[in-house]
Amino acid sequence: MNIAQIEENIKSLLADLLSGVCKSEDFIYELLLAYGHRKQSVSRLRSGERNIATKGNLARHDEIIWKRNLYFRHVEGSELHKEIDQMRNEKLVVTNKIRFVVVTNFDQLLAVDTKTSDTLDIDFGELPKKFDFFLPWAGMEKAVYQGENPADIKAAEKMAKLFDLIKADNFDDENKYDLNALHQLNVFLTRLLFCYFAEDTEIFARGQFSLAIKSHTKDDGSDLSEYLDRLFQVLNTSESDRGSLPEYLSCFPYVNGGLFADKIPAPKFTARSRRMLIECGNELDWSDINPDIFGSMIQAVVHPDQRGGMGMHYTSVSNIMKVIEPLFLNDFYEELEKFENNAIKLQKLQQRLGQIKIFDPACGSGNFLIIAYKELRKLEMEILKRLQELEYEKTGQISQPFTVIKLSQFYGIELDDFAHEVAMLSLWLAEHQMNAEFKVEFGEAIPSLPLKPSDGIVSGNSLRIDWEKLCGKEGLETFVLGNPPYIGAKNLEAHHKEDMKHVFPKLNGSGLLDYVSCWFYKASKFMRRKGAKIKVAFVSTSSITQGEQVAVLWPEVLKDGVEIFFAVRPFNWKNNAKENAGVHCVIIGLSNSQSKKTLFQGYYSKSVDSISPYLADGSYCIVKKRSKPLSDLPKMAIGNKPIDNGNYLFDEAAKNELLEREPQAKDYLYRWYGGREFSYGHIRWCLLPQRISGDKLINMPVVRELVSKVKEFRLSSSSKPTIKLAQTPANFHVENFPVKTFMVVQKVSTGRREYVPVGFFQPNMVASDLLNVIDSSDPFVFGLISSRMHMTWIGAIGGRFRDGFRYSNSLSYNTFPVPKDIPEPLRDDVIDKVMKVLAAREENSDMFLGDLYDPDQMPENLRCAHKLLDTAVDKCYSKSNFASDEARLDALFRLYNEMTGGQNA
């Protein structure tokens, strides 16, 4: 059941209620059916068999309690808010894992989603407008991704101020680019972060670190460096080896783990930076800080050249949850719910948690590993609490539980040695946090100190290290995850290219691939080993699921049973670091043993049979570039490309100046159209010297001079083809001059547009190579490529340019599948709707084309005309209406497979 069907069901239900066809006592059952609940289940609920609120043998309809689904009450009067507050706080909501709490008097309806904490407060008649609130009943789960912790953001801002003060006191023009000095500063700041965390989480005494600095150093900060050097040495020395120390130092515990092992001198301080250092300890509660804050801290201070060169990305908790929930966490929680009354099964589930491995092959400062560890510990505590409940129900006693999850189950590879050290530290702190929570819940926990070295986090080049040797023991369930570096194919440096050659030694077209492709390929090989039980989920820029990269990468990844089992379609990926920058990303999960597949789009998810490399609902299909149209369409080619160093192009003033000097050039000047000229009416002209005969050119010295300049420019090129063009300097490199009315399509278009603007040109209008040219004026073709159907196609398979589309003839146009033998009435209907689109444009001729197709400025009559055209084009593909773009795309891929014989050609 799709969204459109559900919406119609809700509209019909409301109409039936108003007309009396549906009685009020039947409303809740019909509502459940409208969202696709099984009739048998709803019938059992109606009979009272499934209704926990039923007392005796009498079924009741004014109050429904359906485990995991619904707590409903029909009340009289207007005290609905008081009623729902009482209902949502009842213990039965938690014990029965109720998803939705609903109360209504049929004038007003209130509801609470207990999973997301979203609320609904509407007039009853508005239910069809808000039908999406209950979509989880239909399996279209509103994806709940954990939000940012305000404490993290506050700490980041506070620490950034301290960082800036310390840098100002210790760096000048001579050493501000000294990477070793910056590295030492980062190590020092990491030690500070540990001490802040320790004094708020019972590793140290409460406030011990900040109070010691305040009490034992001068206000002007002059002796603070010396004090910190001595303290850090103490923290690295066991109690038995310390000798005689003053109490204010000896009272600090032995930390170990290598954190304070290296002798790195503390930076110098001033009164201001000392005061800020103390404030960071006193004014922040570091017990609320997520250990992943370390990554964000580093991003705020690492030298930009170093950070950009390393391709390092530090990721927020909410974005990490988008990876780990569908990868493994949701399944584990489903098992917990499934076996909640079976102690043996729950014990096996806990033991399974103690055996799995989590591996991030580009771990940075460990964000993914930390959050995965914490979430698994939380899940384990839920299992142990339920086991205690079952044990108490059976014996009247409760045993002391213990954790089976160990840091040795977590593996990572990081190129930067410092980030690798931070990852280990962060995992230690995460372990301490979770031990503290465990102690609060169950009374006892394993002590956190001294820290234990972790061999699973290694420093090195992930693309050169053998993953199997690090964590590839056969038979153990392994989850590979992370956020590998984002470096586009055109931005690769020499060492990146060497890595690419190492990973793809014989792959044709590997030069088109982004750097992140290496991790997908290595992960696929890692999964395909005999006996491997591995699932993978990586974040990537969306470009690897679009354009030419798809045909190169995905046949190498999706082989030997490896499939995409979940995907988060493109979204803006940000973190909570200072001055963070977002990019358009996707998340792709790989498995060779997963039958259930899920697509996430925005806040919603849906189950699908298969997911294509384009992250669409549909079978495996690769669309490759074509030199000729797959369908019965006229040829498309690029526009004119002069390679003239600008000598043949003129703005209005330059054109007038040329004509003053060379009046005869008037007949050879034509309007020139690139992207800005086509979309926003900019005026430029081009000279076509190739149309000037030899005898006339002799009498045009200014034009001859321009031709000579072009020849010189081409001869000075390092490109052999360009040098060869110098033999014909009056000609363009690419010439495309249709002799009758033709169409143009812009090569690069913003992703905000609902449609790609298509224009009609006359022969006296010259299209540049920023426009694609179709040597035809057929309005039916105009209708096809101006439609939502075509936009859906290029959105899925076309290349990207920043946040927009790159429209190419070989990939976007030539591959577009159009049904054969479309009946004339349907073709005529498309043409009729094209005329309405053109008429709407004409009615708004005071607007530029770019503004006409700006979604915020698009005139309503043009939008309506396009909607009519969309419907007309849709009918050429299907007799029934398409409910969504996903449905259109599914139809397009099916047709593409039919037309290519399934050869992905």
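This is a guided tour of one predicted protein model, stop by stop.

**Before you start**

The model is predicted, so local features need pLDDT of at least 70 and side-chain atom pairs count only at pLDDT 80 or more, while totals for chains, interfaces and linings use all residues. Residues are numbered from 1 along each chain as its sequence is written, and side-chain values use heavy atoms, with hydrogens and water left out.

**Whole chain**

Show the C-alpha trace. Along its principal axes it spans about 105 × 85 × 55 Å. Switch to cartoon: the chain has 33 helices and 25 strands. These are DSSP runs numbered from the N terminus (helices: H or I, at least four residues; strands: E, at least two).

Colour by burial. Of the 905 residues, 53% count as buried. Buried means under 20% relative accessible area, exposed over 50%, partly exposed in between (1.4 Å probe, protein chains only). The accessible surface comes to about 41,000 Å². Carbon and sulfur atoms hold 48% of that surface. The areas come from the Shrake-Rupley method with a 1.4 Å probe; for residues, only the protein chains shown count as cover.

Now contacts, meaning heavy atoms within 4.5 Å. Among those between residues at least 6 apart in sequence, 71% join residues at least 24 apart.

**Stop 1: helix α2**

Select residues 27-34. Because 6 of these 8 residues are buried, α2 is largely enclosed by the rest of the structure. The buried ones are F27, I28, Y29, L31, L32 and A34. Step on to G36, which follows α2: its phi is positive, near 95 degrees.

**Stop 2: strand β7**

Two strands pair if DSSP finds at least two bridges between them. β6 (residues 357-360) runs parallel to β7, joined by 3 bridges. Pick I358; its bridge partner in β7 is F410. β8 (residues 457-459) also runs parallel to β7, again with 3 bridges. Pick E414; its bridge partner in β8 is S459.

**Stop 3: a cavity**

A cavity is a set of points, on a 1 Å grid over the protein atoms alone, where a 1.4 Å probe fits but cannot get out; lining residues have an atom within 4 Å of a point. The structure holds 2 cavities of 30 Å³ or more. Grid points are joined across faces, edges and corners, and a volume is the space filled by probe spheres set on the points.

Go to the second largest cavity, with about 30 Å³ of space. Select K473, L476, R529, A532 and K533: of its 11 lining residues, these lie nearest its centre.

**Stop 4: a four-stranded sheet**

Show β16, β18, β17 and β22. They form an open sheet in that order, with mixed pairing. The edge strands, β16 (649-650) and β22 (765-767), each pair on one side only. β16 and β18 (residues 684-687) run antiparallel, joined by 2 bridges. Pick F650; its bridge partner in β18 is W685.

**Stop 5: S812**

Select S812, in helix α29 (residues 809-813). S812 is buried, with a relative accessible area of 1%. Leaving out residues up to four places away in sequence, S812 touches H790, W793, I794, I797, G798, R806 and Y807.

Last, draw a C-alpha to C-alpha line from S812 back to F27. The two residues are 785 apart in sequence and 49 Å apart in space.

Methods:
On a 1 Å grid over the protein atoms alone, a cavity is a set of points where a 1.4 Å probe fits but cannot get out, and a pocket is an open set with protein on both sides within 12 Å along at least five of seven lines; lining residues have an atom within 4 Å of a point.
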